[in-house]
Amino acid sequence: MRTRFTWILGVAALISVALLLACSTKYSSSNNGLVVVSTQGNADMDTFSLDLGNGHITQIFNTAGPPTSGQPTAVVLDPAGAYAYVMVYQSAAVAASVTGIERFTIASDGKLGSGTTTALNGGVTPKAMVVDSAGKFLFVADSTPAAVSVLAISGGTLTEVSGSPFPVTELPGGATQGAIPSPSALAITPTVYPPAFATCSGNVPPTTENLYVTDSTNYIVLNYSVSSTGTLTAVSENVTGTVPSGVTVDPCNRFVYVSNSQPNNSVSAFTICNSISLPSCPNADFSLLPVNGSPFAAGNAPGPLLMDAYANFLYVLDTGQNAISAYKVSTTTGSLTPLNPTPVTTNSYPTSIAVRSDDSWLFVANLNSANLSQYAITPSTGALIPQAPVQTDNFPWGVAVK
């Protein structure tokens with residue numbers, strides 16, 4: 001028995017090492033994690049080294065990091081951890097500023113190179129963005145005019161695809177508010193599944209992608225199919241609650257969740273109609289069917305939300321009460337059960353949320369507190385254990401973790 005137990009421990013150790021290496025393909029300093037933060041106080045970028053053993057954070061830029069070309073908000077990383085992409089806006093507070101998507105290279109020591117900004121076609125204003133799991137496209141939800149910009153990624157360079165930006169319009173016969181569309185968030189179905197510990201690990205993921213875009217004025221979520229060249233084609237739309245403000249896709253391609261802000265203060269849950277969910281769906285076109293019991297109650301003014309890397313838990317930022325609502329996700333129905341305890345407190349004015357790909361740490365950027373809230377994730381229960389806050393430059397907005 002002892003020999004068998006030792007063998008199991010050895011295999012577990014090898015799996016753990018493999019996962020850590022897989023999560024650190026670019027940033028390689030001591031195989032630590034990397035946290036990237038955009039800050040508005042000085043319009044610059046912060047990076048931090050994350051000790052994967054104890055969660056301790058060490059600032060890589062001991063003084064202000066590289067400046068941004070505009071007022072920065074959201075930040076995302078490519079899957080390999082080689083580039084950080086930041087939404088920037090022209091602002092009187094930032095000299096010679098522009099609006100667009102700024103790219104920073106990430107060196108092996110975690111430092112960022114100087115930024116290169118790509119302006120978006122059509123004079124659109126970016127609102128939210130997401131990179132697909134293969135690192136092939138960057139999708140941007142735009143306002144004024146309402147559209148989705150699609151940019152192909154090659155060696156970190158962004159090039160807008162033919163036909164972009166794609167106008168956001170309601171579908172004929174759709175049950176909407178009849179207002180001018182206002183895209184608020186977007187999420188993309190994965191073509192890469194978690195390497196271990198998820199229900200879909202070992203399964204073959206789809207080769208095609210679908211994009212879900214929330215419209216905060218018409219109270220709907222739109223479904224677009226994505227061609228191999230990045231072209232978008234509208235497939236379907238579903239009614240959400242009031243003022244949908246965030247959307248996320250299950251890492252195993254089963255469910256979509258939409259946060260609905262005041263006065264509903266809820267989360268709408270949908271089943272994705274694909275080969276996994278059939279025969280409950282009439283067509284495997286990635287259209288959505290409401291989950292039984294949806295919508296589910298959330299805190300005050302829920303906004304950004306995401307699932308953990310292993311597709312078991314959902315975390316929602318309640319921006320109106322400085323808290324996180326946490327839920328257990330039913331792997332068969334998609335229904336949500338609040339965790340205990342929930343909600344969990346953040347610091348002042350949480351704006352963005354990120355979970356590391358090994359399901360170990362969760363971070364929240366707090367705009368008015370000049371810090372990040374950090375939490376250890378309990379793998380078996382999804383419970384969040386608060387850690388000491390991480391000091392940043394003033395007014396942090398976006399956070400991403402590798």
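Q: What makes β13, β14, β15 and β16 an open sheet?
A: The four strands run in the order β13-β14-β15-β16, with antiparallel pairing. β13 (183-188) and β16 stand at the edges with a single partner strand each, so one side of each lacks a neighbour in the sheet. Neighbouring strands are turned by 25 degrees against each other on average, direction ignored. The axes behind such angles are lines fitted to C-alpha atoms, for helices over the stretch in contact, and angles run from 0 to 180 degrees between N-to-C directions.

Q: What is the basis of these values?
A: The model is predicted: local features need pLDDT of at least 70, side-chain atom pairs count only at pLDDT 80 or more, and totals for chains, interfaces and linings use all residues. Residues are numbered from 1 along each chain as its sequence is written, and side-chain values use heavy atoms, without hydrogens and water.

Q: How do you know that β14 and β15 pair?
A: Pairing requires at least two DSSP bridges between two strands. β14 (residues 209-215) and β15 have seven, in the antiparallel sense. Threonine 214 has valine 221 in β15 as its bridge partner.

Q: Why are β15 and β16 called paired?
A: Because the cut-off is at least two bridges, and β15 and β16 (residues 232-239) have seven, they count as paired, antiparallel. Tyrosine 224 is bridged to alanine 234 in β16.

Q: What makes β15 mostly covered?
A: Buried means under 20% relative accessible area (exposed is over 50%, partly exposed in between; 1.4 Å probe, protein chains only). In β15 (residues 220-226), six of the seven residues are buried.

Notes:
Helices (H or I, at least four residues) and strands (E, at least two) are DSSP runs, numbered from the N terminus.
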